[in-house]
Amino acid sequence: MSTDAIVLLKNDHKQIRKLFRDFRGAGSGAEAEKGRIVNQIIEALTVHTYIENEGMYPKVRELAPDLEDDILESYEEHHVADVLVVELAAMTPDDERFDAKTTVLIENVEHHIDEEEQEWFPKVREELGRKKLQEIGKGLLELKEKAPTTPAQPSALKKTVDAVLK
């Protein structure tokens, strides 16, 4: 298994995109199925944004300071996703705005993923190279082991609060 940070993050993106397709494919009247899928989306996004915010972004910021504007935008995009995830975690699939809120989350995250994969990752790869990305990837794997899986866990809450205060 590759420890290249970009490869690891793209694999997460694939898993998240699959969950998004599953949600869209569930159709109307599939509240239980949508609820199950949204719980998986919440867990996947909570873990993913945690390892990016705590591992990838700080390392890239340190090693490639000219990418700072991209990183700051990514932090803000994660913050928007975190807020929606917290709200969705408190809802049930039969809530009037459940589908709409999930759709807005999906659209925002897809935009973020597209920007990362098409614009940001190529810049990071060019600046850092394979060896550095493998080192960062090892750190991301370690972070993933202890990452929060729900937005209510203290480390997830801290990440959300940090986005407001920093």
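Residues are numbered from 1 along each chain as its sequence is written. Because the model is predicted, local features need pLDDT of at least 70 and side-chain atom pairs count only at pLDDT 80 or more, while totals for chains, interfaces and linings use all residues; side-chain values use heavy atoms, with hydrogens and water left out.

**Stop 1: helices α1 and α2**

Select residues 5-25, which are helix α1, and residues 31-63, which are helix α2. Helices here are DSSP runs (H or I, at least four residues), numbered from the N terminus. The axes of α1 and α2 lie 9 Å apart, and the packing angle is about 160°. An axis is a line fitted to C-alpha atoms, for helices over the stretch in contact, and angles run from 0 to 180 degrees between N-to-C directions. α1 and α2 are therefore roughly antiparallel (under 35 degrees counts as roughly parallel, over 145 as roughly antiparallel, 65 to 115 as roughly perpendicular and the rest as oblique). Their crossing is left-handed, a term for a near helix turned anticlockwise from the far one by less than a right angle; clockwise is right-handed.

Now select Lys34 and Phe23. Lysine 34 lies over the face of phenylalanine 23, at 5.2 Å from the ring centre (the rule asks for NZ of Lys or CZ of Arg within 6 Å of the ring centre and within 35 degrees of the ring normal).

**Stop 2: helices α2 and α4**

The contact of α2 with α4 holds 21 nonpolar, 4 polar and 9 charged residues. Ala, Val, Leu, Ile, Met, Phe, Trp, Tyr, Cys and Pro count as nonpolar, Asp, Glu, Lys and Arg as charged, and the others, Gly among them, as polar.

**Stop 3: the aromatic rings**

The whole structure has 3 aromatic pairs. Rings of Phe, Tyr and Trp (its six-membered ring) pair if their centres lie within 6.5 Å; planes under 30 degrees apart are stacked, over 60 edge-to-face and the rest tilted. Select Tyr57 and Trp120: the ring centres are 5.5 Å apart and the planes stand at 85°, so this pair is edge-to-face.

Tyr57, Tyr75, Trp120 and Phe121 form one aromatic cluster.

**Stop 4: helices α3 and α4**

Select residues 68-89, helix α3. The axes of α3 and α4 are 10 Å apart, at an angle of about 160°, so α3 and α4 are roughly antiparallel. The crossing of α3 and α4 is left-handed. Their contact has 11 nonpolar, 6 polar and 8 charged residues.

**Stop 5: two single residues**

Histidine 79 is in α3 and is buried, with a relative accessible area of 17%. Leucine 140, in α4, is buried at 2%.

Notes:
Helices (H or I, at least four residues) and strands (E, at least two) are DSSP runs, numbered from the N terminus. Buried means under 20% relative accessible area, exposed over 50%, partly exposed in between (1.4 Å probe, protein chains only).
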